Amino acid sequence: MSIAENLDIIRKRIAEASRSSGRKPEDISLIAVTKTRTAAEADEAVSAGINNIGENRVQEAKLKFPILASSPVKHMIGHLQSNKAKEAVKLFDMIQSVDSLRLLAEIDREARKNNKVLNVLAEVNIGGEATKSGMKPEELSGFLSESVKYLNVRVSGLMTIAPFLESQEKVRPYFKKMKELFEEAARFSAPNVKMEHLSMGMSGDFVTAIEEGATMVRIGTAIFGERK
Ligand SMILES: *Cc1c(COP(=O)(O)O)cnc(C)c1O
C-alpha cells in the first residue's frame, strides 16, 4: 500500500469516528508522524494532502527539516530536555510535549529571543506510567495558572499518550479522563492560555480517541508502515 492509499483509509476512519461522535471530520487534525522516515517519505505524505508532521527528536528534525521539499506545520511530540529548547524553538511551530514549568520557562525565553510566540501543549501522563513522560493530572491546574507569566508561549491544549493495552475498551477510560481534564482546564482562560487542542490517539487507538473527544491525532505506522 502506498502512503496515499493508507492516508485515504485513515481519512475515512477519521470521518466515520467523528460523525459517530457528533463532530465534523474537518475538526480533527491529522499529524503524520515522520520519525525514522526519510524527508522524501514526509514529502510524499504532504503531496497526498498532509499539512502537519510530527517528530520526536530534535537531532533528527535538525537533519530532516532542511532537506524537505515541502513546508508542513512542524510539531515536536517527543520528550524534550530543557537544554534542547533553544533548538526546538527554532525548528518547530508547536511543541506538544511540555511536561514541566521549567521547560515552559526555557521555551518562553528562547521564543522571546527569536521574536516568536510558540504554541505549546501540556503533556499529561494519564496512565501514571513510569515509562512515559508528562505531568500528573493533578499538576495541570498549577501548571496552567503559572503559565500566564510566560507571554512568548501560548498554551493551547493538552497532549497524551495513552497506555498500550490489549483492547480499545480498556484504553477508552483514559481518553475519557483526558477529555474531562480538558474541559476542566477550558474553564481556566487567560490571554495566553486557551484550551483548543486535545492531542491524543495514535495508529492503534485513534478511532477510540476521536470518539472520546480528540481534536488532533498523531499517526505514524498506519501511514508509513512498521518502523524498523
Ligand atoms: C511515534 C509516536 C506516535 C505515532 O505512533 P504510531 O503508533 O506509529 O502511529 C504518536 N505520538 C508520539 C508521541 C509518538 O512518539
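**View 1. Surroundings of I107.** Apart from neighbours within four places in sequence, I107 touches L80, A85, V89, I95, V98, L118, V120 and V153, contact meaning heavy atoms within 4.5 Å. The model is predicted: local features need pLDDT of at least 70, side-chain atom pairs count only at pLDDT 80 or more, and totals for chains, interfaces and linings use all residues. Residues are numbered from 1 along each chain as its sequence is written, and side-chain values use heavy atoms, with hydrogens and water left out.

**View 2. The nonpolar cores.** A nonpolar core is a set of buried Ala, Val, Leu, Ile, Met, Phe, Trp, Tyr and Cys residues joined through side-chain atoms within 4.5 Å. Buried stands for under 20% relative accessible area, exposed for over 50%, and partly exposed for values in between (1.4 Å probe, protein chains only). The largest such core holds 63 residues, and I95, I107, L158 and V217 have the most contacts inside it. Helix α7 (residues 168-186) supplies the largest share of this core, 6 residues. A second, separate core has 7 residues, among them I31, V33, I77 and M159.

**View 3. Helix α5 and its cover.** Helices (H or I, at least four residues) and strands (E, at least two) are DSSP runs numbered from the N terminus. The expected span of a helix is 1.5 Å times one less than its number of residues. For the 13 residues of α5 this gives 18 Å, and the end C-alpha atoms are 18 Å apart, which agrees. Buried in α5 are L103, L104, I107, D108, E110 and A111. The cover over these buried residues includes α4 (85-91), β4 (94-98), β5 (118-123), α6 (140-147) and β6. After α5 comes N115, with a positive phi near 55°.

View 4. Side chains of opposite charge can pair when their charged atoms come close. A salt bridge here is a side-chain nitrogen of Lys or Arg within 4 Å of a carboxyl oxygen of Asp or Glu. R112 and D108 form one at 2.8 Å, N to O. Both residues lie in helix α5 (residues 101-113), 4 residues apart, about one turn of the helix. R112 is partly exposed at 45% relative accessibility, whereas D108 is buried at 3%. R109 also forms a salt bridge, with E110, the closest N and O atoms being 4.0 Å apart. R109 is partly exposed, with a relative accessible area of 41%, and E110 is buried, with 4%.

**View 5. Other salt bridges.** The structure holds 16 salt bridges. One of them joins the side chains of K64 and E60 (2.8 Å, N to O). These two residues belong to helix α3 (residues 58-64) and are 4 residues apart, about one turn of the helix. K64 counts as buried, at 6% relative accessibility.

View 6. Strands β6 (residues 153-159) and β7 (residues 193-199) run parallel and are joined by 4 bridges; two strands pair if DSSP finds at least two bridges between them. L158 stands opposite L198 in β7. Together, β6, α7 and β7 make a right-handed β-α-β unit. Right-handed means that, with the strands pointing away from the viewer, the path from the first strand over the helix to the second runs clockwise. S189 sits in the loop between α7 and β7 and is exposed, at 52% relative accessibility.
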